[in-house]
Amino acid sequence: MNKLIVSLSPHVHSGDSISRNMYLVIIALVPALLCSFISFGIGAIITTAISVASCVFFEWAINKFCMKNKNCTVCDGSAILTGLLLAFNLPSNIAPWIIVIGAFFAIGVVKMTFGGLGCNLFNPALAGRAFLLISFPVAMTTWPVPGQGFGTYLDAKTGATPLALMQEMFKSGDLTKLPEVEDMLLGNTGGCLGEVCALAILLGGIFLLWKKVITWHIPVSIICTVFVISGLLWIINPVIFSNPVAEIFSGGLMLGAVFMATDYVTSPMSAKGQLVFGVAIGFLTIIIRIFGAYPEGMSFAILIMNAFVPLINSKFKPTRFGEVSTK
Amino acid sequence: MKTFRIGGVHPAENKLSASEPIKVAELPKVAVYPMGQHIGAPAVPIVKKGDKVKVGTMIAEAGGFVSAPIFSGVSGTVLKVDTVVDASGYAKPAVYITVEGDEWEESIDRSEKLVTTKDKPELTPEDIIGKIKAAGIVGMGGACFPTHVKLTPPPGSKPEWVIINAVECEPYLTADHRLMLEKADEVLVGVDLLMRAGKVNKAYIGIEENKPDAIALLQEKCNVLYPNIEIVPLKTKYPQGGEKQLIDAVVRRQVPAPPALPVSVGAIVQNVGTAFAVYEAVMKNKPLFERVVTVTGKSLKKPSNLLVRMGTPMSQLIDACGGLPEDTGKVIGGGPMMGKALRNTEVPICKGSSGVLIMNDKEAKRAEPQTCIRCAKCVGACPMGLEPYLLATLSEKHMYERAMNEDVVSCIECGSCQFTCPSNRPLLDLIRDGKSTAMGIIRERAAAAREGK
C-alpha cells in the first residue's frame, strides 16, 4: 500500500483557479469585442491584437529576465485580460507604437514593479490608458466614427463622442447634437473601442454574475449612483444636464462598472467596502464629467478609488457573526 | 427556504451511500478504546489486564464533570492497558480487549419494542440527565462534547428550545440520514426526552432539503404524535451543521462571539445521532457502545452504512466494504470538509466517528498554492463573517496580536475559505496556527490576571 497522505482539513476543493476566473472574464468580453469589430472594422482587430500581444510579451519578459520567477504567470490569462481591457480603452485608429508604450506602462510599471499579479495597487489597463491620455492627448481623443466599413484603421474619419457632446452642451446649453440612447446601447457612437456597445457589456456582466466571478455590489452601486446624481441634476436643469439614461449608457461607464472597477486585485474585499467603493466611483465620475477638464470621468474615478482600497479594507469590515440583530 | 445568513459554500454532495440500509458490522478480534474520546478530561480506566468484560461493561469512568465514561462494545478479556494512535494522530492511553463471544450485560433491554415517554411518565429531567451522564453520551456529530453538560445550562441562562442537528452537511456522510429513515420513532422519543431534560416544550429538527425522504417521514410522524416538534427543511449549504449556523438558520438568532454559549440565545443543540443514543440509554438502559458509521469513497467497491461496535478498527470496516482500493491516497476519519486524515487504518471507531472516507491519489493531493489575487471569495464564503485572507496573512507573519483584534478566535475551522480559494492557498492551515496561538495568549493573560489579584 502507498503511504497515506496526512494533511489538515478541508480535504476537498471547489476546483476554482486563477486562470478559470481570468478566462471567464475574457469570455465575457467577447460580445463587446465582436461589437467593436463591427463598429470600427479592422482597426479594432489590429489594436486589440497589438495590445494583447505586447502585454503578454512584457509579462513574459519581465518574469523571465527581471523577476526570475520559477513559475511563469503568463499562462494564467491575466496579461491577456489586461491587454484586452487596455485595447478596450483606446480609440481604434491609434498608432501601434502608442499601444506598445501603453502596454509597457500597464504591465511593466503598474503591475510588475509592485510584484506582479495580486500585488498591484492600481488597475493596470486603466493606468496604462491614463498614462497615454496624458502623454498623447490628441491621439487618445481623436475618435473614429463607427460604421465606416471593415477596412478602416488609421485613415478613419473622426468625430466627437457622446460625452464630449454632453460637456459641450453643458457649456453652451445646446441640446440638439446628443446621440440617441439606442445608438449608445448598440455601439453606433464614437468612442473607445470596447466601450461603445453598452448592451454587449451588460451581457458580459450578466455572464460574470451568473458564473459568480463578480458580485453585484460594485457595478450596481456605480450605475445607481450615477443614475441618481445625474437624475437629480437633470431634474434641476434639463437644459444643460443630459438625462440620466444617456449618462449611464455613455462613455466608459458600463465598461468601467462591469469590467474595470470589479478587478479583483484593486477592489475592496468586503461587501460593504465594495458598496462604498462603487458609490464613490459613481460620485467622482459625475463630478469629473461635468466639472473636469476631460469629458471622460470613469477611468480617473476608478484610479482614484483604487488608491483608497487599503483604507476601505481596514475601515469597512464584513458583518461578523453575532453582530446581526437577533430579531 | 431557511438557511444561515452569512457565507457558506456548496461542495459536491457525493452522498454515495444514501440508499444503503444500515448493516451490522462484524465484531473485531481485538477492540481498542482510547480514553480521550470527548472534549474535556480523558476517562480513567477501571479495568486491568485479565479482567473479564461484557458488552456494556464500564471500562473507564469519567475524569471530571466535563468528561464521560467509556463502555466496552464487546465481551471478552482485557488484553492490556496501553496507548493507541487515535484519529488525532497522537498516541493516547487505551484499553485493549480480546473479543470472546458476544455476551451482553443483563441490565440492557435488547428487545425491539418501542418505549415512549407515555410508558415511563415518572421520568424527571434529573433522571434523564443522570442516565445520559451514566451512559457516557457525547455529541455524536463529531465534536464529542459531553451531552449532560449541555443539558445543564449555567445559572442565569434559560433554554427555550431544543434544536436537533439532522443537517449532515458534510459531503459523503449518510449515517444520520439512514438513522432517521430506519429509526424515526426512536429518534423522536429521544428528542422528546431531550426536551424534558432541558425543560423546554418546543423542539426543531433541522434537515437539509437534500434528504426529502427523511423530511417527509419525520413530518408525518410529528403531525400525528408530537405536535411540539417542528421539522425545519433547510436549504442545502455548508456548514449548516455548525452549531451557530444551525441556530441562525432555524430560529434566526446569532450566538455572540466566544465565550458565549448557544444557550445564551435560548438554544440547546443536539445531534440526531445523540437523540437516538439518548433514547437507547434512557429507555433501554443501553450505554453508548455502538454507532452508525458511513464508510465511503469514490473508488471504494461498496460504500455502506454500518452499525459498528466502538473499538472496531477502521481497516475492518474498509474490508467489509470491498477492501482498501489500490489507488488510495488518503483515509479520512469523518467527512471531507472537517474530518481528520489518518496515519494508518488501524484507528478504532470512537464515539465521534461519523464516517470513514477513502480518497484516491488524485483527489488527495492539494494543488500548488499561488499568490492571493484578493478576489474576496474567502470573505464571501466565511460563515462567521471573518476575513480569512487577512487572518491567514497575519498568522503567516506571526502578527498574532492583530489577528486577535480581527477576531481570529471566532473561526470555527469549517474550511469554507480554503475550499473556495482559487489560488489554492492553505488558508485554514495558517488560520489554525493563528487561532491556537491567540487562544494561548488569552489563557496566559487570564492566568496572569488571576495571579495579579
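**View 1. A four-stranded open sheet in chain B of the predicted model.** In chain B, 4 strands form an open sheet in the order β11-β10-β9-β12, and their pairing is parallel. Strands β11 (229-234) and β12 (267-271) of chain B lie at the edges, each of them pairing on one side only, and from one strand to the next the twist averages 25°. The model shown here and in the following views is predicted.

**View 2. The pairing of β9 with β12 in chain B, and the helix that packs on the sheet.** Strand β9 of chain B, which comprises residues 161-166, pairs with β12(B) in the parallel sense over 5 bridges, and B:Ile163 stands opposite B:Val269 of β12(B). Helix α4 of chain B (residues 184-198) packs on this sheet, where it touches β9, β10 (203-208), β11 and β12 of chain B; the direction of α4(B) makes about 145° with that of β9(B).

**View 3. The crossing of helices α3 and α5 in chain B.** The axes of α3(B) (residues 175-182) and α5(B) (residues 212-225) come within 9 Å and cross at roughly 35°, in a crossing that is left-handed. Helix α3(B) contributes B:His177, B:Met180 and B:Leu181 to the contact, while α5(B) contributes B:Asp213, B:Ala214, B:Leu217 and B:Leu218. Of the residues in this contact, 5 are nonpolar, 1 is polar and 1 is charged.

**View 4. The buried helix α12 of chain A.** Helix α12(A) spans residues 253-260, and because 8 of its 8 residues are buried, the helix is largely enclosed by the rest of the structure. The buried residues are A:Leu253, A:Met254, A:Leu255, A:Gly256, A:Ala257, A:Val258, A:Phe259 and A:Met260.

Key:
Residues numbered from 1 in each chain as written. Chains lettered and ligands numbered in written order. Predicted model: local features only at pLDDT ≥ 70, side-chain atom pairs only at ≥ 80, totals over all residues. Pairing = 2+ DSSP bridges. Helix = DSSP H or I, 4+ residues; strand = E, 2+ residues; numbered from the N terminus. Axes fitted to C-alpha atoms, helices over the stretch in contact; angles between N-to-C directions. Contact = placed C-beta atoms within 7 Å. Buried ≥ 20, exposed ≤ 12 C-beta atoms within 10 Å, placed from the backbone. Left-handed = near helix turned anticlockwise from the far one by under 90°. Nonpolar A, V, L, I, M, F, W, Y, C, P; charged D, E, K, R; others polar.
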